[in-house]
Amino acid sequence: MAVSMIRKAVIVISLVSLSACTGSGDRYPSLKIRDVERVQGSFDPVEPGETALPTPVAAPSGETLRRLADLTASASAIHAEFERAVPGTSRIVSSASKSSVASDGWATAQVALSDLESIRSRAAVALADIESIYVNARLEAQQLDPITAARGQVLALIADEDAVLARLRGQIAR
């Protein structure tokens, strides 16, 4: 009995609330755009072009230059390791070139290629560190020439490694 009384009370309250919404339109504000809501004024669009970058004011620090030299040397050492591993991997891939997918020869070639890719990825880590140095130097408006030169050297090594990997991958069935 108490539940039905509560239901009746909720229904009555709902009806009274809804009846308030059906009044005349004079009592409520209009939804039309008012004068203060209208956009006024104009502006001239800016022509797209190059943004002015701050002029580099300082050379990279000695610590930064040492870090670049270390990263470049590390990438060169990794590249030398990559080149030493290429002949063995090339032999394995050549012997697996006629093998069917999932055969023992094919699997051995995949592992050898993965080992070679692992060496290449270490060179990419050195490149990522150089990129980080580049971004920081750019934000601090430092001269970028030595960083760009180191980056170019490491990119050339990685591009050479990528070409070798692509050639070897092309020799085995997928």
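Modeller: Of the 174 residues of the protein, 24% count as buried (under 20% relative accessible area, with exposed meaning over 50% and partly exposed in between; 1.4 Å probe, protein chains only). This is a predicted model, in which local features need pLDDT of at least 70 and side-chain atom pairs count only at pLDDT 80 or more, while totals for chains, interfaces and linings use all residues. Residues are numbered from 1 along each chain as its sequence is written, and side-chain values use heavy atoms, leaving out hydrogens and water.

The protein has 4 helices and 0 strands; helices are DSSP runs of H or I with at least four residues, strands runs of E with at least two, numbered from the N terminus.

The part to look at is α3. Helix α3 covers residues 104-139, and its 36 residues should span 52 Å at 1.5 Å a residue, which agrees with end C-alpha atoms 52 Å apart; the expected span is 1.5 Å times one less than the number of residues. At its start, a side-chain oxygen of S103 comes to within 3.2 Å of the backbone nitrogen of W106. Just after α3, A141 has a positive phi of about 55 degrees.

The largest nonpolar core has 28 residues, and F82, I130 and I147 have the most contacts inside it; such a core joins buried Ala, Val, Leu, Ile, Met, Phe, Trp, Tyr and Cys residues through side-chain atoms within 4.5 Å. Its largest share, 10 residues, comes from α3. I147 touches residues including I130, I133, Y134 and A137, where contact means heavy atoms within 4.5 Å.

Note on methods: Polar contact = N/O pair within 3.5 Å; in protein donor to acceptor, adjacent residues only side chain to side chain. Lists of a residue's contacts leave out its neighbours within four places in sequence.
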